[in-house]
Amino acid sequence: MKINNKSFQRIIPTNIRPAYYRAQTDIPYAQEIWQTLIKIKNISLDNLGSFIQAQPKYAERYKLIDEILNESGITQVIELASGWSTRGLSFCKSNCKAVYIEIDLPDVAKNKSDILKQMGEIPQNLHIFEGNALCEQDFTNASNYFNPNKPIAVITEGLLGYLTFKEKEQITRNVQKLLTKFKGIWITNGFKPSPNKTEELTQRYKFSKSITGRDRQINEFKDNEHIISFLAKFNMICDYHSFNGGEVKIVKINE
Ligand SMILES: C[S@@+](CC[C@H](N)C(=O)[O-])C[C@H]1O[C@@H](n2cnc3c(N)ncnc32)[C@H](O)[C@@H]1O
């Protein structure tokens with residue numbers, strides 16, 4: 001599959017909303033990163049309009065992913081499409097033996113490094129890579145930081161919903177290769193069945209398409225059977241944890 005960063009560029013602004021909502025919570029460093037981000041990018045709340053109208057359950061989802069990661073005991077992590085998430089920063093600050101790799105598109109990754117530097121020193125065990133989650137080479141480069149004798153956790157929060165099925169397959173293939181080599185788990189909210197259509201959701205998807213150019217509705221999994229058969233093609237299985245307003249899947253190689 002030919003991968004071109006340009007076709008993902010319009011997804012970048014979707015990282016504003018979760019960062020804004022997390023900044024209203026007790027999530028470590030979330031307020032700090034938001035304040036630094038709006039200063040650096042010159043973002044004005046007045047211009048964000050519909051971006052911050054709905055209040056999805058970003059904080060609950062974030063905390064549930066943290067909980068699953070901490071319970072797993074895994075200390076080697078690769079977070080794809082990490083955006084302005086502060087999980088890597090807090091994980092590395094509280095665990096000096098951890099290795100945490102973040103990958104996002106070049107525009108975001110560059111800004112993220114600058115922002116974190118403004119907030120203080122970037123922990124030595126946190127690595128922020130410019131890359132594309134669909135590119136196998138970017139995975140290989142990132143995984144060179146991991147100890148091959150220890151398992152890894154892959155985290156993907158909030159990207160898969162924007163991708164076509166072909167693109168979802170490419171990411172899944174990349175993750176499958178990593179999990180086959182290192183063992184471990186993929187924690188993601190990206191495998192969820194199509195939600196009930198409400199007027200509010202229709203408007204949200206319409207707005208999302210106007211920003212990203214991507215139609216979320218046609219790229220949804222029909223139901224859980226659809227998700228199970230999609231993952232089975234990669235010899236993967238999943239389990240899930242619910243939170244108020246959604247669920248997070250834990251995907252593994254079927255051994
Ligand atoms: C909805 S945001 C989620 C950000 C972050 N995970 C969070 O929860 O705040 C989607 C992110 O995906 C990134 N992205 C889009 N396409 C990508 C790709 N092909 N590879 C890596 N990152 C990508 C965007 O730059 C953006 O930061």
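**Figure 1. Q118 in helix 6 of the predicted model.** Q118 is a residue of helix 6, which covers residues 106–119. Helices (H or I, at least four residues) and strands (E, at least two) are DSSP runs, numbered from the N terminus. Q118 counts as partly exposed because it has 14 C-beta neighbours inside 10 Å. By definition, a residue is buried if 20 or more other C-beta atoms lie within 10 Å of its own, exposed if 12 or fewer, and partly exposed in between, with C-beta atoms placed from the backbone. From Q118 to G158 the C-alpha to C-alpha distance is 26 Å, and the two are 40 residues apart in sequence. Residues are numbered from 1 along each chain as its sequence is written. The model is predicted: local features need pLDDT of at least 70, side-chain atom pairs count only at pLDDT 80 or more, and totals for chains, interfaces and linings use all residues.

**Figure 2. The protein as a whole.** The protein contains ten helices and seven strands. Its radius of gyration is 17 Å, close to the 18 Å that the globule rule gives for 255 residues, so the protein is as compact as a globular protein of that length. The radius is taken over C-alpha atoms, and the globule rule is 2.2 Å times the number of residues to the power 0.38. The C-alpha trace spans about 50 × 45 × 35 Å along its principal axes. Of the 255 residues, 35% are buried. Among contacts with a separation of 6 or more, 73% join residues 24 or more positions apart. Two residues are in contact if their C-beta atoms, placed from the backbone, lie within 7 Å.

**Figure 3. Strand 1 and its two partners.** Strand 1 comprises residues 76–80, and five of the five are buried, so this strand is largely enclosed by the rest of the structure. In a regular strand the side chains alternate between the two faces of the sheet. In strand 1 both faces are covered, with Q76, I78 and L80 buried on one side and V77 and E79 buried on the other. Strand 1 runs parallel to strand 2, to which five bridges join it; I78 has I101 as its bridge partner there. Five bridges also join strand 1 to strand 4 (residues 152–156), again in parallel, and V77 stands opposite A153 of strand 4. Two strands pair if DSSP finds at least two bridges between them.

**Figure 4. Helix 5 between strands 1 and 2.** Strand 1, helix 5 (residues 87–94) and strand 2 form a right-handed β-α-β unit. A crossover is right-handed if, with the strands pointing away from the viewer, the path from the first strand over the helix to the second runs clockwise. The buried residues in helix 5 include R87, G88, L89, F91 and C92. Their cover includes helix 4 (58–72), strand 1, strand 2, helix 6 and strand 3 (126–130).

Figure 5. A81 occupies the loop between strand 1 and helix 5. A81 counts as buried because it has 28 C-beta neighbours inside 10 Å. The phi of A81 is near 60°, a positive value in a residue other than glycine. The ligand is surrounded by 23 residues, and the closest are F8, N15, A81, G83 and G158. Helix 1 (16–22) and strand 2 (99–104) are the elements that give two or more residues to this shell. A residue is near a molecule or strand if its C-beta atom, placed from the backbone, lies within 6 Å of it. The shell has 14 nonpolar, seven polar and two charged residues. Ala, Val, Leu, Ile, Met, Phe, Trp, Tyr, Cys and Pro count as nonpolar, Asp, Glu, Lys and Arg as charged, and the others, Gly among them, as polar.

**Figure 6. E130 in strand 3.** E130 belongs to strand 3. E130 counts as partly exposed because it has 16 C-beta neighbours inside 10 Å. Neighbours within four places in sequence aside, E130 is in contact with P106, A109 and K110.

**Figure 7. The hairpin of strands 6 and 7.** Strand 6 (residues 236–243) and strand 7 (residues 246–253) pair in the antiparallel sense over eight bridges. M236 has I253 in strand 7 as its bridge partner. The hairpin has two residues between the strands, and G245 takes a positive phi near 110°. N235 is located in the loop between helix 10 (224–232) and strand 6. N235 has a positive phi of about 60° although it is not a glycine.
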